[in-house]
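My entries follow the order in which I looked.

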Amino acid sequence: MTSDTLAARPRIGLALAGGGPLGISYEIGALLALDEALQGVAFNNLNVYVGVSAGALIASGLANGFTPAKLCHILVLNKSRAFPVTPQRFLRPSLRLYTQALTTLSGRLLKAVQDALRKPHDISLLGALSQLMGAVPAGFWDNDLIDRFLAQLYRSRGRTNDFRRLKRQLFVVAMNLDTGEIARFGAKGNDHVPISKAVQASTAVPGLFPPVVIDGRYYIDGGTKKTLHASTALEAGAELLFCINPITPFNPRLVDPRRRRNLQTLVDGGLPVIIIQAGRILLHSRMRVGMARYAIEYPDRDILLFEPNPADADMFFTNIFSFTHRRRVCEHAYQITRMELLTRQDRLEPLLARYGITLRTDILTDRNRHFDSHLHIPPEVTRMAGLQHPITNNLSDTLDQLEEWLEKHQERSTATNIEVT
């Protein structure tokens with residue numbers, strides 16, 4: 001589809017919320033279901049993309065032309081030789097921050113002892129601890145790895161790490177730590193920041209990853225203030241907006257009693273479960289308030305939200321930072337999104353028709369389909385339909401590896417020439 005065609009058709013957008021590795025797998029599964037069931041729309045060729053936290057990583061890939069299938073190949077199935085995705089690669093302790101913390105700790109410890117000696121009756125254990133807490137690292141994991149991974153991913157074969165060179169609008173949302181203001185990287189004035197650096201900032205979950213410095217300012221996870229930031233896409237003119245949110249509260253009373261087992265209330269899960277539920281309620285309630293406001297402020301727009309239902313125990317009890325369950329979560333999201341499309345068929349068909357999109361009920365009613373069904377297509381069908389075959393992914397990976405090797409070789413040659421000169 002040409003850029004002229006893209007500009008002429010109704011403006012369609014996609015907004016993706018956060019959710020860690022769990023959210024990435026869920027959103028890719030949902031996108032695979034939408035991509036194959038909705039004829040007339042390509043999710044790597046929309047007008048506008050908005051991504052928050054984990055959703056920013058996926059949105060930046062789609063805006064760069066990656067199909068949901070290709071993102072699944074890299075991020076869920078981990079079958080890219082050029083760009084492997086493992087916990088060891090992304091959840092690595094930040095040695096730099098720990099070194100800084102140890103250096104700071106010695107100074108703070110000395111001050112606490114001096115204060116205790118000077119004013120033995122004024123100092124308290126809590127006060128001493130509060131002084132020492134300032135030495136705790138700003139984050140546990142090194143998020144520079146995210147920046148480096150995406151910078152490599154987007155620097156070859158028609159991709160770009162520059163917002164200004166994208167054919168599609170992309171907004172990556174982060175929050176200024178000091179002011180609480182939202183930064184929309186990709187918007188005018190903030191489009192000079194590399195996409196990879198913006199995603200690093202948007203995924204800087206407080207306490208887990210350190211704030212990211214951009215132009216002398218510190219940024220953290222964009223979901224800290226708002227969950228979805230769908231308004232950014234609406235302000236950019238999206239007439240039809242698809243939204244995917246993987247993180248919702250859980251209601252055990254809605255679960256079939258035969259599957260509920262011994263869990264009658266979330267209190268039975270202890271403090272960690274209570275904290276998780278409280279956080280999800282806060283995030284979800286904020287999103288719902290926003291959705292209600294959009295219906296009033298943008299009455300002529302259509303917003304379609306896809307998310308787990310309150311009885312979805314699988315999504316609630318899966319570790320949000322788990323890499324192990326990527327396939328299972330992707331399949332789960334794929335199936336429940338298909339089910340939701342079929343359940344909402346009567347309302348969706350006329351709505352989607354206004355945008356030239358057809359609902360493929362033949363695909364939705366096929367009970368033998370799985371999230372990777374259309375990732376493995378017989379060669380003869382591929383040739384007839386012009387579709388992508390898994391071997392294309394292997395060729396793509398080989399080209400990625402070759403370009404990466406050539407670039408490194410060129411860098412070494414340039415360095416050698418400089419030294420000789």
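Entry one, on cysteines. I kept in mind that this is a predicted model. I recalled that a disulfide is a covalent bond between the sulfur atoms of two cysteines. I searched the whole structure for disulfides and found 0. I noted that C72 is in no disulfide, and that the nearest cysteine sulfur, that of C330, is 4.5 Å away. Since a disulfide needs the two sulfur atoms within 2.5 Å, I wrote down that the 4.5 Å between the sulfur of C330 and that of C72 is too far for a bond. I also looked up accessibility: C72 counts as buried at 0%, and C330 is likewise buried, with a relative accessible area of 0%.

Entry two, on S60. I found S60 in helix α3, which covers residues 54-63, and its relative accessible area is 0%, so I recorded S60 as buried. Leaving aside residues up to four places away in sequence, I listed Y154, L170, I195 and V199 as the residues that S60 touches.

How many of the 5 residues of strand β8 are buried? I counted 5 of the 5 in residues 240-244, so the strand is largely enclosed by the rest of the structure. I saw L240, F242 and I244 pointing one way from β8, while L241 and C243 point the other way. This made me recall that in a regular strand the side chains alternate between the two faces of the sheet. Strand β1 (residues 12-16) runs parallel to β8 and is joined to it by 5 bridges, with I12 opposite L240. I found that β8 also pairs with strand β9 (residues 302-306), in the parallel sense over 5 bridges, and there L240 stands opposite D302.

Notes
Residues are numbered from 1 along each chain as its sequence is written. This is a predicted model: local features need pLDDT of at least 70, side-chain atom pairs count only at pLDDT 80 or more; totals for chains, interfaces and linings use all residues. Side-chain values use heavy atoms; hydrogens and water are left out. Buried means under 20% relative accessible area, exposed over 50%, partly exposed in between (1.4 Å probe, protein chains only). Helices (H or I, at least four residues) and strands (E, at least two) are DSSP runs, numbered from the N terminus. Contact means heavy atoms within 4.5 Å. Two strands pair if DSSP finds at least two bridges between them.
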